[in-house]
Amino acid sequence: MGERMENRIIDRLVRIAGRDGVLHTPEDLAVYSYDGTFAEGVPEAVVLPQTTEQASEIVRVAAENRIPVIARGMGSGLAAGSIPVCSGGIVVSFTRMNRILEIDTANSAVRVEAGVVTAELQAEVEKIGLFYPPDPSSIRHSTIGGNIACNAGGPRCLKYGVTGNYVLGLTVVLADGKILKTGGKPIKDVTGYNLTGLFTSSEGTLGLITEALLRLVARPRYTTTALAEFDSLDNASRAVNAILAEGIVPASLELMDRTAIACIEEAMHLGLNTDAAASLIVETDGADERTVRGEAEAAGRICTETGARTVKVARNEAERAGLWKARRSISPSLARKAPNKLGEDITVPRSAIPQVVEQLRGISARYGLPIVIFGHAGDGNLHPNILFDKRKRDEWEKVQAMVSEIFGVALAAGGTLSGEHGVGVLKRPYFEQALGPVSVDVQRRIKQALDPLNILNPGKMFQD
Ligand SMILES: Cc1cc2nc3c(=O)[nH]c(=O)nc-3n(C[C@H](O)[C@H](O)[C@H](O)COP(=O)(O)OP(=O)(O)OC[C@H]3O[C@@H](n4cnc5c(N)ncnc54)[C@H](O)[C@@H]3O)c2cc1C
């Protein structure tokens, strides 16, 4: 149970955000005490601002009273970043700031409030032939603010890049309540430090993002999606490298291992071949039908040459949607196999994937707990998910040791801890191991300069 907030502070928050914009009953607070992980922490109050000015006033009250402020989108995070871990604090939830403020077709840009659900933004711009490419698998239950704060990726990053590649400018409430505006519509802008880049992936530790100006591109007119099934995961990884070595850049190259395929099929009954050792979803897209089809055929041929036993091309939109439904269902379907899962997010140089997969399997065998492997193989971004039962102490102890080994494998291969989920609480112990003391010191100094009272999402990223 969290702390109880003083009435005088609740009253001030109510004056700012209205009675329906402040939650403080135990039942309401419980709803904001978790995210996509198994971490928990109860806030003292939740405030749902409707404007940047309200967010700024909330932070001023928090700063005056030295109360932690934890920004929250939809709580889909996989690093416990939106969980209040330093006893209580105010969760600022952006779900009521969910308007699309402007679509500028001439400059291919869109201005949105931070709480817009990513899928809703995508659907809206696609109606007029534009395209917002970043597509985390949580697209229907995550916000643009949360995506920017974590620099979210997704299956389409291989060709289109991550969220940060689409952020042109931000409105940010700083730790003292001041409102900072960064960037703008010009594509080129080197006037001063890249503050837009600084706040992107800052995980709520440097400021509250209230608005964003995002870059759009033309919607690809043709898309081809195929499923290649392999008898060995090693061959599937080799196919990824061979496709890219040929100069083909698919929008997506998604890898799923045997356990992932079995879990999806058990949960969704989509007709996937459960005796395949691994599958690749290969999607090519673009403006020219012949080029798109040609790339898809070449990728299919390479899959066959590297050992795919079948390559099935989706014949219509329904089949294509089925393949993506399968991919997006992996995470939720794992719940059928074990009460808990810990999903990691390591990224390694692509060429190292076969060796890293082999090492992950070795870790799984040594500890006797399953590791399901899937991910954005084209980016070298793997999501090894350890399945376990947190109620069993010995399993939880094994999981912690396994995580440490998984990070060791990634770093030894020249990779990194996280490709898209961020550091939050869960990767804090490994932050310095991954970056080295000089980088951590520079980042600490940035944090101290922007948030000297350490009220913005304390207890995240850095080991105190
Ligand atoms: C099934 C599933 C699939 C997923 N797939 C992907 C994937 O493919 N790619 C990917 O990158 N991630 C994925 N994720 C992780 C998660 O969805 C992303 O990290 C997402 O960007 C979080 O958005 P959110 O709105 O839910 O943010 P939250 O979880 O609420 O917050 C995440 C972090 O951002 C900060 N934050 C949130 N809003 C703001 C704001 N307005 N200003 C400042 N800081 C803020 C929080 O303090 C916290 O540190 C997945 C999660 C699930 C559960």
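Reply: I9, R12, L13, I16 and A17 of α1 are in contact with Q54, E57, I58, V61 and E64 of α3. Bear in mind that this is a predicted model.

Me: What classes of residue make up the contact of α1 with α3?

Reply: There are 6 nonpolar residues, 1 polar and 3 charged in that contact.

Me: At what angle do α1 and α3 pack, and how far apart are their axes?

Reply: Helix α1 covers residues 7-17 and helix α3 covers residues 52-64; they pack at about 165°, with their axes 9 Å apart. Angles over 145 degrees count as roughly antiparallel, so α1 is roughly antiparallel to α3. The crossing of α1 over α3 is right-handed.

Me: Next pair. How do α13 and α14 pack?

Reply: The angle between α13 (residues 353-367) and α14 (residues 393-412) is about 160°, and their axes are 10 Å apart. α13 is therefore roughly antiparallel to α14. α13 passes α14 in a right-handed crossing.

Me: Which residues make the contact?

Reply: From α13 they are V356, Q359, L360, I363, S364, R366 and Y367. From α14 they are K398, A401, M402, E405, I406 and V409. By class, the contact of α13 with α14 has 8 nonpolar, 2 polar and 3 charged residues.

Me: And α8 with α10, what's the angle there?

Reply: About 140°, with the axes of helix α8 (residues 233-245) and α10 lying 9 Å apart. α8 and α10 are therefore oblique to each other. Their crossing is right-handed.

Me: Which residues meet between α8 and α10?

Reply: A239, A242 and I243 of α8 meet A299, I302 and C303 of α10. The contact of α8 with α10 has 6 nonpolar residues, with no polar and no charged ones.

Me: Changing topic. How many cavities of 30 Å³ or more are there?

Reply: The count is 1. The largest cavity holds about 80 Å³ of space.

Me: What lines the largest cavity?

Reply: Its lining consists of T224, T225, A226, A228, V282, T284, A296, A299, G300, C303, V311 and V313. A299 and C303 of α10 are also in the contact with α8.

Me: Now the second largest pocket. What's the volume?

Reply: About 700 Å³ of space lies in the second largest pocket.

Me: How many residues line it, and which lie nearest its centre?

Reply: The lining has 28 residues, and those nearest the centre of the pocket are E126, R156, E317, R320 and R328. By class, the lining divides into 10 nonpolar, 5 polar and 13 charged residues.

Me: Where does the largest share of the lining come from?

Reply: From α11, which gives 6 residues. The elements that each supply at least two lining residues are α4 (118-126), β12, β14 and α11 (317-328). β12 and β14 also each supply at least two residues of the lining of the largest cavity.

Definitions and conventions:
Residues numbered from 1 in each chain as written. Predicted model: local features only at pLDDT ≥ 70, side-chain atom pairs only at ≥ 80, totals over all residues. Heavy atoms only, no water. Axes fitted to C-alpha atoms, helices over the stretch in contact; angles between N-to-C directions. Helix = DSSP H or I, 4+ residues; strand = E, 2+ residues; numbered from the N terminus. Parallel < 35°, antiparallel > 145°, perpendicular 65-115°, else oblique. Left-handed = near helix turned anticlockwise from the far one by under 90°. Contact = heavy atoms within 4.5 Å. Nonpolar A, V, L, I, M, F, W, Y, C, P; charged D, E, K, R; others polar. 1 Å grid on protein atoms, 1.4 Å probe; cavity = no way out; pocket = protein on both sides within 12 Å on 5 of 7 lines; lining within 4 Å. Points joined across faces, edges and corners; volume = space filled by probe spheres on them.
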